[in-house]
Amino acid sequence: MAEYQAVQRGALRLKGVAELGLKKKKKKVKDAKKMLQQISTSQQQLQPMGDTKEENAGQRMATVDKQTPAQKAFDKMQERRQIERILKKASKTHKQSVEEFNRHLDTLTEHYDIPKVSWTK
């Protein structure tokens, strides 16, 4: 146990680094200010003088869309492909899909068979 008496305990200290450590500065979000400004201007444009409560509620729900046209197209295609996959899976019963899978396994080569070990026989 005497060998472990000289072990230094505590946090690792590196040369050239302050004792308290370096604190990272927080980045200011410039986009947030722009978004707030856009939202406030869009609300002012959407709000005519003689609105009813129901129309105000609908206008408050309007949000600023941050997606680019490419992102919108990507999301639309993802949704379309997902719907196609669901329809394809729903078109077959479980029994039909199992039969199709068994036919597929029958067409495969016997790759996983144990190879012949002896060359003499």
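**Patches and a pair**

Author: Let's start with Met-1, Tyr-4 and Val-7, which form a nonpolar surface patch with about 400 Å² of accessible area together (Shrake-Rupley method, 1.4 Å probe, only the protein chains shown count as cover). Patch members have over 30% relative accessible area and no salt bridge; like charges are joined within 9 Å, and nonpolar side chains (Val, Leu, Ile, Met, Phe, Trp, Tyr) within 5 Å. This is a predicted model: local features need pLDDT of at least 70, side-chain atom pairs count only at pLDDT 80 or more, and totals for chains, interfaces and linings use all residues. Residues are numbered from 1 along each chain as its sequence is written, and side-chain values use heavy atoms, leaving out hydrogens and water.

Reader: Is Tyr-4 buried or exposed?

Author: Buried means under 20% relative accessible area, exposed over 50%, and partly exposed in between (1.4 Å probe, protein chains only). Tyr-4 has a relative accessible area of 57%, so call Tyr-4 exposed.

Reader: Which side chain meets Lys-92 in a salt bridge?

Author: A salt bridge puts a side-chain nitrogen of Lys or Arg within 4 Å of a carboxyl oxygen of Asp or Glu. Searching the whole structure turns up 1. At 2.3 Å, N to O, the partner of Lys-92 is Glu-100.
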